[in-house]
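Let's take a walk through this model, helix by helix. Have the viewer open and follow along.

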Amino acid sequence: MGQRINTIMQVCFFAISGVLEIGEAIADLQRLCDFAPTAERQALLGGAYKRRALINRFSELGLRWLGECAAHYREADRLSSRDGKPVASHVIQWLSAQALQ
């Protein structure tokens, strides 16, 4: 599994721990982005939707979350490029999520 083990373990943690529902975490991040958007916050939202898509990977809902993931990584790329500090991983994640849809 290599580097993917961290992502898989995070999904498992959120799914079974009950510490914080992923939907609640996404809502909190979205409110933060609405208040003061940054590339980093958009990337965090993209990552949260990516994990949600992994949990629902065999359903239409998983495709919906991939769309949200792509949109937030795209916005992260736009914001970081606007600030003159483009981040390659934002583009890679955005295009990967788009390709999987």
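Predicted model: local features only at pLDDT ≥ 70, side-chain atom pairs only at ≥ 80, totals over all residues.

Residues are numbered from 1 along each chain as its sequence is written, and side-chain values use heavy atoms, with hydrogens and water left out.

The protein has 5 helices and 0 strands, where helices (H or I, at least four residues) and strands (E, at least two) are DSSP runs numbered from the N terminus. Read from the N terminus, the order of elements is simply α-α-α-α-α. Of the 101 residues, 32% count as buried; buried means under 20% relative accessible area, exposed means over 50%, and partly exposed is in between, using a 1.4 Å probe and protein chains only. Now for contacts, meaning heavy atoms within 4.5 Å. Among those between residues at least 6 apart in sequence, 52% join residues at least 24 apart.

Start the tour at helix α2 (residues 22-35) and helix α3 (residues 39-55), which pack at an angle of about 160° with their axes 10 Å apart. The axes are lines fitted to C-alpha atoms, for helices over the stretch in contact, and the angles run from 0 to 180 degrees between N-to-C directions. That angle makes α2 roughly antiparallel to α3; the cut-offs are under 35 degrees for roughly parallel, over 145 for roughly antiparallel, 65 to 115 for roughly perpendicular, and oblique for the rest. The crossing of α2 and α3 is left-handed, that is, the near helix is turned anticlockwise from the far one by less than a right angle (clockwise would be right-handed). On the α2 side the contact includes Ile22, Ile26, Leu29 and Cys33, and on the α3 side it includes Leu44, Leu45, Ala48 and Tyr49. By class, the contact of α2 with α3 has 9 nonpolar, 3 polar and 3 charged residues. Here Ala, Val, Leu, Ile, Met, Phe, Trp, Tyr, Cys and Pro count as nonpolar, Asp, Glu, Lys and Arg as charged, and the others, Gly among them, as polar. Click on Ile26 for a close-up: leaving out residues up to four places away in sequence, Ile26 touches Leu45, Ala48, Tyr49 and Arg52.

Then come α4 and α5, whose axes come within 8 Å and cross at roughly 155°. α4 and α5 are therefore roughly antiparallel to each other, and their crossing is left-handed. The meeting residues include Leu66, Cys69 and Tyr73 in α4, and Val91, Trp94 and Ala97 in α5. This contact has 10 nonpolar, 4 polar and 2 charged residues.

So what sits inside? In soluble globular proteins, nonpolar side chains tend to be buried together. The largest nonpolar core in this model has 17 residues, and those with the most contacts inside it are Ile26, Leu45, Tyr49, Cys69, Tyr73 and Ala97. A nonpolar core is a set of buried Ala, Val, Leu, Ile, Met, Phe, Trp, Tyr and Cys residues joined through side-chain atoms within 4.5 Å. α2, α3, α4 (60-82) and α5 (88-100) each supply at least two residues of this core, and α4 gives the most, with 6 residues.

His72 lies in helix α4 and counts as buried at 9% relative accessibility. Beyond four places in sequence, His72 touches Gln30, Gln42, Leu45, Gly46 and Tyr49. His90, in helix α5, is buried too, with a relative accessible area of 7%. Leaving aside neighbours within four places in sequence, His90 is in contact with Ala39, Ala43, Tyr73, Ala76, Asp77 and Ser80. Leu95 also has its place in α5, but counts as partly exposed at 44% relative accessibility.
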